[in-house]
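Keep the viewer open as you read.

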Amino acid sequence: MKRNLISMIFTLAFTLQLMGCNNSYRDVTYKDGVYIGKSSEDDLGAYGEVRITIEEGSIAECEYVTWQKDGSIKDENYGKVNGEISNQDYYDKAQLAVKAMTQYAEKLVEAQSLKGVDAISGATISYSQFVEAVNNALDQVQE
Amino acid sequence: MHFFDEGKESTMTVTIAEEKAEKIFCAMGTLMSFTVYGAYAQEALKAAEAITVKLDNLLARTKPDGEITRLNHSGGKDWTKVQEDTDSVLREALRYAEKTQGVYDPSIGALVDLWNVKARREKNLPDLKEIRCALASCDYRNIETNHAGGYRIQHGASIDLGGIGKGYAADRICALCRERDALSALFSLGTSSIAALGSKPDGSAWKIGLRAVGTDNIECFGVVHLKDQFLSTSGDYEQGFVKNGHRYHHILDKRSGYPAESGLRSVTVIANSGAMSEAYSTALFVMGLDKALDFHQREGEFEMIVVTSDSHVICTPKLQEMFEFTGETLGYEYPQYELFRR
């Protein structure tokens, strides 16, 4: 499968710093390794894939890629977010999922500027796709 | 901002850069993008974010401490008193449910769980028995009110405000901004609900691109010019799953118990109320073109742009001056229908 890496790589430390939240979540121990989780397919058969790298029991990197049905990478990723996530039980999973929306938000801003509009309206963007992928990856790594 | 400087030459005009406050954050299961202009922009933006997070916590049926969660688990015997915001959104939800004769229905939680939570996660279609069982509780008249902020739920109904919550939040945000003398702002709640407060700082209308369906890059089939109005879009893309080659989207038809198959791809509603525009965009999508046009003629409190499955764009007459079609190269057509002369 041809792969053209366009997604950003985020470290958890960076994520936590950006989110402005660095405490009040539980400790989780993970097995070292690289784990992959996929989301459901969207309308065009594209799906999100999260690759999570665990080093010394902690999440070291999280990389999100959206694949087209034909195996090429979709040039859209989600999320530039620095807001609140209230569900502490899934705090780190949700953070990773939300981070995966960064590129999509940037893409929206870029598209708005390109089209000369102030906002773009469409069906509700959902971060459940990202949450699903992250959950699927982390389900494999929890000891 | 321009002002006349009396101390200098009479023709002198000084331009002061407008204060602009922006924030992108996550709430209500989606991406929020807020921009406020003017001297009180920062303060208004903070208030806008705070009310959004508050409403998310109150209204989301997935939040254990939320009021809707509490109502859904309250049983049907006693009245449950709710906060003013919850009361307001429920009253509006029931009003639009009545107006649309239940096509928009806030009691559809059991069906949402079956399709958008269980089926999507497990990729297993619900069977007819499960659908019938869920449908038995879906009737907005099962949400009873004592008109004093008290509610009780009958017949196991489950409230889901997914089709109105963002629109209601948009209404509240704009009201808060006006109270703070912030009169020029644009709020996008998940891109599906947009509030255009006042006009842009230069006095021109806000330009909202309408996203084309089925393109890899973000493209727009049209642009709507908005001033002091709300816009909501419901579409069958973004959320759903594929099973046996068939795609099941997230907008459910209470009459069949299945995702709506109305021959439409998206409906955009423009109105003076965010709650109305969101509730109606969902309802009109489910109704399909003919019934949506009938409803528009009968109610007349909103304007709409409909995209059919064969990519025809239909715009109600009063909106045509504010709508600019840009979808030719994307395979969209904007025929001059005779639909409005009947």
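Contact here means that heavy atoms lie within 4.5 Å. One caveat before we start: this is a predicted model.

**Helices of chain B**

From H6(B), the residues B:Gly165, B:Lys166, B:Gly167, B:Tyr168 and B:Asp171 meet B:Gly274, B:Ala275 and B:Glu278 from H7(B). Sorted by class, that contact has two nonpolar, three polar and three charged residues.

How do you put numbers on a pair like this? Two packed helices are described by the angle between their axes and the distance between the axes. H6 of chain B covers residues 165-179 and H7 of chain B covers residues 274-287; they pack at about 165°, and their axes are 6 Å apart. Angles over 145 degrees count as roughly antiparallel, so H6(B) is roughly antiparallel to H7(B). The crossing of H6(B) past H7(B) is right-handed.

H6(B) also packs against helix H3 of chain B, residues 84-99, this time at an angle of about 125° and with the axes 11 Å apart. Is that parallel or oblique? It makes H3(B) oblique to H6(B). The crossing of H3(B) and H6(B) is right-handed. On the H3(B) side the contact is made by B:Asp85, B:Ser88, B:Val89 and B:Glu92, and on the H6(B) side by B:Tyr168, B:Asp171 and B:Arg172. By class, the contact of H3(B) with H6(B) comes to two nonpolar, one polar and four charged residues.

Here are the two pairs side by side:

| Helix pair | Angle | Axis distance |
|---|---|---|
| H6(B) and H7(B) | about 165° | 6 Å |
| H3(B) and H6(B) | about 125° | 11 Å |

B:Asp87 sits in helix H3 of chain B. Is B:Asp87 buried or exposed? Its relative accessible area is 12%, so B:Asp87 is buried. Setting aside neighbours within four places in sequence, B:Asp87 is in contact with B:Val82, B:Gly149 and B:Tyr151.

Next, find B:Leu226 in strand E11 of chain B, which spans residues 220-226. B:Leu226 is buried, with a relative accessible area of 0%. Not counting residues up to four places away in sequence, B:Leu226 touches B:Ala196, B:Gly198, B:Ala205, B:Trp206, B:Ile208, B:Leu231, B:Ile270 and B:Met322. The C-alpha atoms of B:Leu226 and B:Lys207 are separated by 6.4 Å, while the two residues are 19 apart along the chain.

B:Trp115 belongs to helix H4 of chain B, residues 109-122. With 1% relative accessibility, B:Trp115 counts as buried. Which residues does B:Trp115 touch, not counting those up to four places away in sequence? They are B:Arg120, B:Leu125, B:Pro126, B:Ile131, B:Phe241, B:Tyr248, B:Leu252, B:Gly257, B:Tyr258 and B:Pro259. From B:Trp115 to B:Asn217 is 28 Å, C-alpha to C-alpha, and 102 residues in sequence.

**Chain A in brief**

Over to the other letter. The secondary structure of chain A comes to four helices and five strands, running β-α-β-β-β-α-α-β-α from the N terminus on. Chain A has 143 residues, and 55% of them are buried. Its accessible surface is about 6,600 Å², with 46% belonging to carbon and sulfur atoms. Of the contacts in chain A between residues at least 6 apart in sequence, 62% join residues at least 24 apart.

Notes: Residues are numbered from 1 along each chain as its sequence is written. Chains are lettered from A and ligands numbered from 1 in the order in which they are written. This is a predicted model: local features need pLDDT of at least 70, side-chain atom pairs count only at pLDDT 80 or more; totals for chains, interfaces and linings use all residues. Side-chain values use heavy atoms; hydrogens and water are left out. Axes are lines fitted to C-alpha atoms, for helices over the stretch in contact, and angles run from 0 to 180 degrees between N-to-C directions. Helices (H or I, at least four residues) and strands (E, at least two) are DSSP runs, numbered from the N terminus. Angles under 35 degrees count as roughly parallel, over 145 as roughly antiparallel, 65 to 115 as roughly perpendicular and the rest as oblique. A crossing is left-handed if the near helix is turned anticlockwise from the far one by less than a right angle, and right-handed if clockwise. Ala, Val, Leu, Ile, Met, Phe, Trp, Tyr, Cys and Pro count as nonpolar, Asp, Glu, Lys and Arg as charged, and the others, Gly among them, as polar. Buried means under 20% relative accessible area, exposed over 50%, partly exposed in between (1.4 Å probe, protein chains only). Accessible areas come from the Shrake-Rupley method with a 1.4 Å probe; for residues, only the protein chains shown count as cover.
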